[in-house]
Amino acid sequence: MTLHITELEGGTALSEFRVQQLLPRLQAVHDKISTLHARYVHLAAWEQAPVADQSQRLAALLTYGEPWSGPSEGETVVVTPRLGTVSPWASKATDIAHNCGLPVRRLERLVEYRIGLKSGLLGGRAALSSAQREAITALLHDRMTESVVPARRDAHRLFTPLDPVPMEQVDILAGGRAAL
């Protein structure tokens, strides 16, 4: 079955206080980092394409918090709930949508970070190396509960079911410490 995925841009995901906490840690990774902004992006999976009324009601339902006023440029880091899981936020938000009469299969929320970099002395654009990008993503997500994807469209994989792995057992009584 093919799901219809709708992206709805949300409000600001970071308070100014949290930005001021994170910015020095990011600047320790790359001294040209000047700004940090984050916004929520909501993904709605539908079994059938939503009609206009359903899309409008869902957009109204997902309008909360401080409106987004950040930039549309800069280095992007997209943080999703851990791939292969259903986040607690998704469970509750999907229940609320169902109670409002919206036939969504599932809602998910991700955070899209925008990192601003200062230009060089000669106007050259600063860039992040792969090691710096990895260090930055480590600061912006919890690897136990979240995943980082290259772009927003890659977050659609949240709705791809994963095949279960076979259960394995280790007989710790027979093998003792070596079994552990």
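Author: Helix α3 has 12 residues and reaches 17 Å from its first C-alpha to its last, close to the 16 Å expected at 1.5 Å a residue. The expected span is 1.5 Å times one less than the number of residues. Helices (H or I, at least four residues) and strands (E, at least two) are DSSP runs, numbered from the N terminus.

Reader: Which residues of α3 are buried?

Author: The buried residues of α3 are A90, A93, T94 and A97. Seen down the axis of α3, they fall within an arc of 100°, so they line one face of the helix. The arc is that of the directions from the helix axis to the C-beta atoms. Buried means under 20% relative accessible area, exposed over 50%, and partly exposed in between (1.4 Å probe, protein chains only).

Reader: What about the other side of α3?

Author: There, P88, K92 and N99 are exposed. S91, which also lies in α3 (residues 88-99), is partly exposed, with a relative accessible area of 37%.

Reader: What covers the buried residues of α3?

Author: The cover includes α2 (52-61) and β4. Contact here means heavy atoms within 4.5 Å.

Reader: And what follows α3?

Author: G101 follows α3, and the phi of G101 is positive, near 80°.

Reader: Before we go on, what kind of model is this?

Author: This is a predicted model: local features need pLDDT of at least 70, side-chain atom pairs count only at pLDDT 80 or more, and totals for chains, interfaces and linings use all residues. Residues are numbered from 1 along each chain as its sequence is written, and side-chain values use heavy atoms, with hydrogens and water left out.

Reader: Let us turn to the strands. Is β3 buried or exposed?

Author: In strand β3 (residues 75-81), 7 of the 7 residues are buried, so the strand is largely enclosed by the rest of the structure.

Reader: Which strands pair with β3?

Author: One of them is β4 (residues 104-117), which pairs with β3 in the antiparallel sense over 5 bridges. In that pairing, V79 stands opposite V111. Strand β5 (residues 146-149) is joined to β3 by 4 bridges, and these two run antiparallel. There P81 stands opposite E146. Two strands count as paired if DSSP finds at least two bridges between them.

Reader: Where does α1 bend?

Author: Helix α1 bends by about 25° at L23, and a proline, P24, follows within four residues. The bend is the angle between axes fitted to the seven residues ending at a residue and the seven starting there. Helix α1 (residues 16-29) has 14 residues and reaches 20 Å from its first C-alpha to its last, close to the 20 Å expected.

Reader: What do the buried residues of α1 pack against?

Author: They pack against β2 (33-46) and α4 (130-140). In α1, V19, L22, L23 and L26 are buried.

Reader: Now the whole chain: how many helices and strands are there?

Author: The protein has 5 helices and 5 strands. From the N terminus on, they run β-α-β-α-β-α-β-α-β-α.

Reader: What is the radius of gyration?

Author: The protein has 20 Å, whereas a compact globule of 180 residues would have a value near 16 Å. The radius is taken over C-alpha atoms, and the globule rule is 2.2 Å times the number of residues to the power 0.38. Along its principal axes, the C-alpha trace spans about 60 × 60 × 30 Å. Buried residues make up 34% of the 180 residues.
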